[in-house]
Amino acid sequence: MTNLHSELVDMLGLRIVRGDYPPGSRIDVDSLEPEFGVSKTAMREALRVIREKGLIDSWPRRGTIVNDRKSWKLLDSDVIKWRRAARRDDDRLLAELSQLRDVIEPAAAKLAARFRKPEDLEALEKAFAEFEASGRDVERLAAADHDFHLSLLRATHNELMMRLDVVIVHALSARNRIQHHPGGHWLDPVPDHRSILDAIKKGDPEAAEAAMRYAIRESDVDLNSGEPEFESPLDFPGLDTDLHTR
């Protein structure tokens with residue numbers, strides 16, 4: 001998407017998720033065009049994307065109507081992003097991301113130990129080396145952490161498991177913003193990640209699963225403490241990775 005199109009989609013999506021337009025309400029599309037200074041074509045394309053994410057529907061003579069939450073595609077990366085930015089159900093969202101991560105990542109580590117290939121081990125070792133070298137550089141640490149966990153998902157060679165990358169990406173992003181910030185204090189994460197890598201290299205599924213469970217033991221506590229506000233409501237660096245398109 002172009003920047004203008006992406007920004008328009010983000011602004012509309014955030015408004016809906018934030019509750020500016022309650023479920024069942026009608027969006028006055030004609031008034032939005034001059035407000036945002038965009039053409040009918042640009043607005044129509046943005047609304048098409050929003051519709052695909054389940055947030056709205058369009059009906060003859062009724063116009064554009066905001067859907068009830070049960071129709072939203074809650075695993076869509078943009079919808080999660082807007083929920084994080086809106087902070088209306090922050091506790092619920094972060095708790096559910098943490099719960100899903102507790103289910104997904106130990107299972108992924110177990111599968112990775114069984115099905116990893118030489119190129120997967122190379123990617124994991126490269127990500128771990130960067131992780132180990134990051135020290136207290138929070139941006140570098142977060143990027144390396146992101147790469148390590150997504151490389152692990154790829155190592156499962158399970159296409160359905162890899163499609164759950166959106167959960168891992170947002171859970172890691174939120175957790176890193178809560179815990180890994182300049183001046184913050186955190187336990188050295190390198191030993192835990194080394195244990196995961198060693199178990200996968202040895203091809204030991206049970207050890208890999210146990211190592212991952214231990215590594216994410218503090219994630220629930222961190223995520224339940226709440227994510228800090230963003231300087232900009234839609235400032236989400238590093239969330240444009242789609243694992244299954246790589």
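A residue counts as buried when its relative accessible area is under 20%, as exposed when it is over 50%, and as partly exposed in between (1.4 Å probe, protein chains only). By that rule, 49% of the 246 residues of this chain are buried. The model you are looking at is predicted, so local features need pLDDT of at least 70 and side-chain atom pairs count only at pLDDT 80 or more, while totals for chains, interfaces and linings use all residues. Residues are numbered from 1 along each chain as its sequence is written, and side-chain values use heavy atoms, with hydrogens and water left out.

**The chain as a whole**

- The chain holds 12 helices and three strands; these are DSSP runs numbered from the N terminus, with helices (H or I) of at least four residues and strands (E) of at least two.
- Among the contacts in the chain with a separation of 6 or more, 73% come from residues 24 or more positions apart; a contact means heavy atoms within 4.5 Å.

**Helix H1 against helix H3**

- Start with helix H1 (residues 3–18) and helix H3 (residues 40–52), which pack at an angle of about 55 degrees with their axes 9 Å apart.
- Here the axes are lines fitted to C-alpha atoms, for helices over the stretch in contact, and the angles run from 0 to 180 degrees between N-to-C directions.
- H1 and H3 are therefore oblique to each other; angles under 35 degrees count as roughly parallel, over 145 as roughly antiparallel, 65 to 115 as roughly perpendicular, and the rest as oblique.
- The crossing of H1 past H3 is right-handed; a crossing has that name if the near helix is turned clockwise from the far one by less than a right angle, and is left-handed if anticlockwise.
- On the H1 side, His5, Leu8, Val9, Leu12, Gly13 and Ile16 take part, and they meet Ala42, Met43, Glu45, Ala46, Leu47, Val49 and Ile50 in H3.
- Sorted by class, this contact of H1 with H3 has 10 nonpolar, two polar and one charged residues; Ala, Val, Leu, Ile, Met, Phe, Trp, Tyr, Cys and Pro count as nonpolar, Asp, Glu, Lys and Arg as charged, and the others, Gly among them, as polar.

**Helix H1 against helix H2**

- H1 also packs with helix H2 (residues 29–36), at an angle of about 130 degrees and with the axes 13 Å apart.
- H1 and H2 are therefore oblique to each other, and H1 passes H2 in a right-handed crossing.
- Leu8, Met11, Leu12 and Arg15 in H1 meet Leu32, Glu35 and Phe36 in H2.
- The residues of that H1 and H2 contact divide into five nonpolar, no polar and two charged.

**In and around helix H7**

- Ala143 sits in helix H7 (residues 138–155) and is partly exposed, with a relative accessible area of 40%.
- Although Ala143 and Leu172 are 29 residues apart along the chain, 9.9 Å separates their C-alpha atoms.
- His149 also lies in H7, and His149 is buried, with a relative accessible area of 1%.
- Leaving out residues up to four places away in sequence, His149 touches Arg101, Glu105, Ile168, Leu172, His193 and Met212.
- Asn158 is found in the loop between H7 and helix H8 (159–162), where Asn158 is partly exposed at 28% relative accessible area.

- Ile196 belongs to helix H10 (residues 190–202) and counts as buried at 0% relative accessibility.
- Its neighbours, not counting residues up to four places away in sequence, are Phe148, Leu152, Ala211, Met212 and Ala215.
- The C-alpha atoms of Ile196 and Ala211 are 5.2 Å apart, and the two residues are 15 apart in sequence.

**Two positive phi values**

- Most residues other than glycine have a negative phi.
- Arg61 has a positive phi, near 70 degrees; Arg61 lies in the loop between strand E2 (56–59) and strand E3 (63–66) and counts as exposed at 86% relative accessibility.
- Arg87 has a positive phi too, near 60 degrees; Arg87 lies in the loop between helix H4 (77–86) and helix H5 (90–115) and is partly exposed at 31%.
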